[in-house]
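Below are brief comments on helix packing and on one surface feature. Please read them alongside the model.

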Amino acid sequence: MQGSNQRLEYLLSSAHQAMAEGRRDKAIPIWNQILQQAPSHPHALFFLGQDAMQMRDFARARQLLTAAAAAAPREPGVHFSLAAVRRAMGDIQGEWDALEQALKIDPHFFPARLAMGMALEKAGKTRQAARIYKDALAI
C-alpha cells in the first residue's frame with residue numbers, strides 16, 4: 001500500500017510539474033495514470049475535466065467534473081467549472097444549479113457571483129443581475 005501511495009504522490013508531483021511548465025502533452029497522460037490508480041481522485045478528475053472543456057468535449061467535461069464534484073463536494077471551483085460546461089451545453093438550469101452550489105459552499109466566491117449576474121443579465125433580469133453585481137463588488 002505504501003508503494004502505491006508513493007507512486008501516486010510521484011505522479012501527482014509530475015502532473016503538477018508538467019502543468020507548471022505548460023506541458024499539456026505531458027500532463028494529460030499522467031493525470032490519466034492517476035485516475036487508473038485512484039479513479040475518484042478529485043484533482044485528476046478536475047484537471048481532465050478542465051482539459052476536456054478546453055478541447056470542447058463538453059459531454060466528457062461534464063462527466064469528469066460531475067465526478068470531481070462528487071469526490072470534492074466542498075470545492076466551489078469544481079462546481080463553478082461544472083456551471084461553465086453546462087452553460088456551454090445550453091443547460092441553463094444546470095448552470096444555475098451549479099453556481100448556486102458553489103455559492104452555498106462559499107458565499108464570497110467571486111467568479112460564481114459574477115457568472116450568476118451574467119446569467120441573470122442574459123435572461124433579461126437586469127435588476128436582479130445588478131443586485132448580484134453590486135453584492136459581488138462588496139466582497
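**Notes on helix packing and a surface patch**

1. H2 and H3 lie oblique to each other, a class for angles that are not under 35 degrees (roughly parallel), over 145 (roughly antiparallel) or 65 to 115 (roughly perpendicular). The axes of H2 (residues 24-37) and H3 (residues 42-54) cross at roughly 140° and come within 9 Å. Axes are lines fitted to C-alpha atoms, for helices over the stretch in contact, with angles from 0 to 180 degrees between N-to-C directions. Helices are DSSP runs (H or I, at least four residues) numbered from the N terminus.

2. The model is predicted: local features need pLDDT of at least 70 and side-chain atom pairs pLDDT 80 or more, while totals for chains, interfaces and linings use all residues. Residues are numbered from 1 along each chain as its sequence is written, and side-chain values use heavy atoms, without hydrogens and water.

3. H6 (residues 92-105) packs against H7 at an angle of about 150°, the axes being 9 Å apart. H6 is therefore roughly antiparallel to H7.

4. A nonpolar surface patch consists of Phe110, Leu114, Met118, Leu137 and Ile139, with about 500 Å² of accessible area together. Patch residues have over 30% relative accessible area and no salt bridge, with nonpolar side chains joined within 5 Å; a salt bridge is a Lys or Arg side-chain nitrogen within 4 Å of an Asp or Glu carboxyl oxygen. Areas are Shrake-Rupley values with a 1.4 Å probe. Helix H7 (residues 110-122) gives the largest share, three residues.

5. Leu137 belongs to helix H8 (residues 126-137). Leu137 counts as exposed because its relative accessibility is 69% (exposed is over 50%, buried under 20%, partly exposed in between).

How values were computed: Patch = residues over 30% accessible without salt bridge, like charges linked within 9 Å, V, L, I, M, F, W, Y side chains within 5 Å. Helix = DSSP H or I, 4+ residues; strand = E, 2+ residues; numbered from the N terminus. Buried < 20%, exposed > 50% of the residue type's maximum accessible area, 1.4 Å probe, protein only.
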